[in-house]
Amino acid sequence: MNNQCNNRGFIRQNRAHKNMCFDSNGFTLVEALVALTILSVAIVPAYALSTSSVGIAYSIRNNVIAAGLAQEGIEVIRATRDSNWFVGSAFDTDLADGDYELQWDSIPPFSIYQDRFLYRGIQGKYRINPGSSSVQTIYKRKVSIQKISSVELMITSEILWTERNRSRSFKVESHLFDWK
Amino acid sequence: MRLFNSHKLKNDQHGFSLIEVLISVFVFSMIVIAIGGIFTQILALQRRGAGAQKVQENTLFALELMAREIRVSKIDNQDAPLCDRTTLTIVHPVNGTVIYSTSGGLIQRQAGGTVTTITSADVNFSRLNFCVLGTTVTATVGDQKQARVGIIMQASSRATRPEDTLVFDLETTVISRDNAIEFSN
C-alpha cells in the first residue's frame, strides 16, 4: 500500500490521499488557497503599475496637445477683439454670447459649436472641417463667449477628449476688456 | 539499504519525488516567466513615459519662449496662410531680430547673430511650421488685422526602439500685442 503511494505522482496524490495513505498528503485546499492569495497579492500591484504606466505616457501627450489647442481658442477671439479696434468697430463686434468652434485662421462669423471632432490636415494643422489627407483627432474644442458687462467679455476654451474610456477636459478662461 | 527500508516504512518522512520536483520547478518557472514578462513590459512603458515627459518639457519650453517673444514683437510681412513657413523672423523690442527655425530636429533661436539651440538632443522635432496671418504692412499702413502666428510642432523622443517613442502633434496660436502701426492709422 505504501509502495503504491510512493510511486504515485504528484498529480494523483489527491486520490491516494483519499483512499489509502493518509500520511503521504499533498497540499490541502486551504494551503493552496493561501499560496494563491499570496501570489496574486504579489502580482496585482505589478499589473496595476504596468497598466497605469500605459496611461501616463498618453495622458502626458494628450494634456500637452490640449493645452496648446485651448490657448489657440482664446487667442483667436483676442485677435478678433483687436481687429475690431483696428477697423474702428466696437470691441465685441461679432463676439455674441454662445459656444463656437474655430481653428487658427478663423475670422467672424464663427460657426456654432456642433460637438464635432477636430481634424489634423496638411502641415499638421488642426482644423474644424475634414480636408484632403486629414485625419480625425480625439479632440473637440468648445470656445464660449459670455458678455459680463459692457466692457468685459469672458472667454472659455475647453478641449474635450476621451482617454482610455474616460472623458477628460482641459479648460482655460480669459477676460477681454475694452481698454482702448 | 537501511535508508531504503526506513523510507519504505515511514512514509510520512520522505522528500519530494523527482517528478514532483520537476513539476514544481516547471510551475515555478512558468510563474517567473510570466512575472518577468510583466516586468520587462513595465520597463518599456516606463521608458516611454520618461520619453513623453522629456517631450513635454521641451515642447512647453520652446512654445513658451516663442509665445513670450511673439506677443511683444513686430512681425512684418511674414504671412503664410498655408502654414508652410518653417522659419519665423520677428523683431523684439529688446532682443532685436529673432529668428526661429529647426536644424537636425532641434529648435534654434537666432538673436543678435548668435544661434542658440533651445531644445534637448533627447527630443526630435520632425516638424516646426508657422502659420502667419495679419502681418502685411507697408511703412505706415497696417492691414487692420491683428498679427497671429500659429505654431505647429511634431515632436517625439529619440529612443533606440521605435515602440518606445510617442509622437506629439502640437498646435497653438499666439497673437501679437504690438498695435503701434495699426493704431497709428
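**A strand residue, the interface and the salt bridges**

Guide: B:S156 touches B:V55, B:D122, B:V123, B:N124, B:L166 and B:V167, leaving aside residues up to four places away in sequence; touching, or contact, means heavy atoms within 4.5 Å. This is a predicted model, in which local features need pLDDT of at least 70 and side-chain atom pairs count only at pLDDT 80 or more, while totals for chains, interfaces and linings use all residues. Residues are numbered from 1 along each chain as its sequence is written, chains are lettered from A and ligands numbered from 1 in the order in which they are written, and side-chain values use heavy atoms, with hydrogens and water left out.

Visitor: Is B:S156 buried or exposed?

Guide: B:S156 is buried, with a relative accessible area of 12%. Buried means under 20% relative accessible area, exposed over 50% and partly exposed in between (1.4 Å probe, protein chains only). B:S156 lies in strand β7 of chain B; helices (H or I, at least four residues) and strands (E, at least two) are DSSP runs, numbered from the N terminus.

Visitor: Turning to the interface, how many salt bridges cross between chain B and chain A?

Guide: The rule finds 3, a salt bridge being a side-chain nitrogen of Lys or Arg within 4 Å of a carboxyl oxygen of Asp or Glu. B:R177 pairs with A:E75 in a salt bridge, their closest N and O atoms being 3.0 Å apart.

Visitor: Which element gives the most to chain B's side?

Guide: α2(B) does, with 16 residues on the side of chain B that touches chain A. The contact as a whole takes 53 residues from chain B and 49 residues from chain A.

Visitor: And within chain B, where are B:R109 and B:E69, which form a salt bridge?

Guide: In that salt bridge the closest N and O atoms are 2.7 Å apart. B:R109 is in strand β4 (residues 106–111) and B:E69 in helix α2 of chain B, 40 residues apart. Both residues are buried.

Visitor: What about A:D115 and A:K140?

Guide: Those two form a salt bridge, with the closest N and O atoms 3.1 Å apart. A:D115 sits in the loop between β2 (111–112) and β3 (119–120), and A:K140 in strand β6 (residues 140–149) of chain A. A:D115 is partly exposed at 45% relative accessible area, whereas A:K140 is buried at 16%.

Visitor: Which residues join B:R161 in a network of salt bridges?

Guide: B:R47, B:E163 and B:D164 are linked with B:R161.
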